[in-house]
Amino acid sequence: MVMLERLFPERGLEVIAKLEYMNPGGSMKDRPARFIIEHGIQDGMITSNTHLIESTSGNLGVAVAMVARVYGIKFTCVIDPKTTKTNVKILEQLGANVEMVQDLDDQGGYLKTRIQKVKELANKIPNSFWLNQYANQLNWQSHYYGASSEIAEELSGPIDCLVAAVSTSGSIMGCARRLRKKHPNLKVVAVDAVGSVIFGAKPASRELPGIGSSRIPEILNRDEIDEVVYVSDRESVQGCRDLLFYEGILAGGSSGSVVAAMQKLLPTLPDSYRIVTLLPDRGDRYIDSVYDDDWVSKLRD
């Protein structure tokens, strides 16, 4: 965990970021991948003959491929054209079978198309097991017993606010539930992408993977979220670059979204306030997008 005191130098404000990109697979998705697979092995749902299947924008796929490689389990990963080239290469090197969908869904994204492909594969591949990160309760539990427990144990003193990016909602649900055990008055702020439908906004085209969704996750409990801040692709990119410029942290698009959201929240904060946030993934996998001026120039305003 690091204090973002250069990026947020305001008197009385503490912003503490947990660097989840330091996990072995490069993102917070290592936690649910390992948690779900190892629970499946323990209860006999997953064996050496199982063929894992999952839909992902990239990071969970890398995490599952890594764990599947360790346990000698087959894995097919369903991705879309917005998955970064680097993540695709990593998936292939880890031995995953990669299936890429090409058709947009009715929300202008690829998630529903990916899910449809997963269901087709599950009906066709013998001994298949769909991890189903949007509905699997083990998703949020992995963060409850993982990152948020580490935060709760290591930080002394109060925490006023948790700010976290949302997609499957596993990390924000798990962290909010764990941190509220110790800090019952914790405010929970979800950072969502402009164009995402998770909280009822109108669907629109989105370019950054890893944040937002074109469906409402089954594991989300809206009542546990106090506020939602929407961030555009351009704002996320600027957040990434601010984080790099002021803190020397090269992080991915979701991290930039969180930074941009906190910058929007600044005028509303009291004089003394402590925020905890998560930086979900590495920036080196976004060199050809977030950190590429030509790619950024093509984003919609």
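Select R215 and E218 to begin: the two form a salt bridge, with their closest N and O atoms 2.3 Å apart. A salt bridge here is a side-chain nitrogen of Lys or Arg within 4 Å of a carboxyl oxygen of Asp or Glu. R215 counts as buried because its relative accessibility is 17%. E218, at 46%, counts as partly exposed. The cut-offs are under 20% relative accessible area for buried, over 50% for exposed, and partly exposed in between (1.4 Å probe, protein chains only).

A word on what you are viewing. This is a predicted model, where local features need pLDDT of at least 70 and side-chain atom pairs count only at pLDDT 80 or more, while totals for chains, interfaces and linings use all residues. Residues are numbered from 1 along each chain as its sequence is written, and side-chain values use heavy atoms, with hydrogens and water left out.

**Next stop: D226 and R180.** Their closest N and O atoms are 2.7 Å apart in a salt bridge. This pair links distant parts of the chain, 46 residues apart: D226 is in the loop between β8 (187-193) and β9 (227-231), R180 in helix α7 (residues 170-182). Helices (H or I, at least four residues) and strands (E, at least two) are DSSP runs, numbered from the N terminus. D226 is partly exposed at 43%. R180 is partly exposed at 22%.

**Then K264 and E235.** This salt bridge has its closest N and O atoms 3.0 Å apart. K264 sits in helix α9 (residues 253-265) and E235 in helix α8 (residues 233-247), 29 residues apart.

Now select K18, E20, R31 and E150. A network of salt bridges links them. The structure holds 16 salt bridges.

**Last, the sheet.** Show β5, β4, β3 and β6: in that order they make an open sheet of four strands with parallel pairing. Strands pair if DSSP finds at least two bridges between them. At the edges are β5 (97-100) and β6 (128-130), each pairing on one side only. Zoom in on β3 (residues 51-55) and β4 (residues 74-79), which pair in the parallel sense over five bridges. L52 has F75 in β4 as its bridge partner.

Contact means heavy atoms within 4.5 Å. Finish with helix α4 (residues 111-124), packed on the sheet and touching β3, β4, β5 and β6.

Terms used: Axes fitted to C-alpha atoms, helices over the stretch in contact; angles between N-to-C directions.
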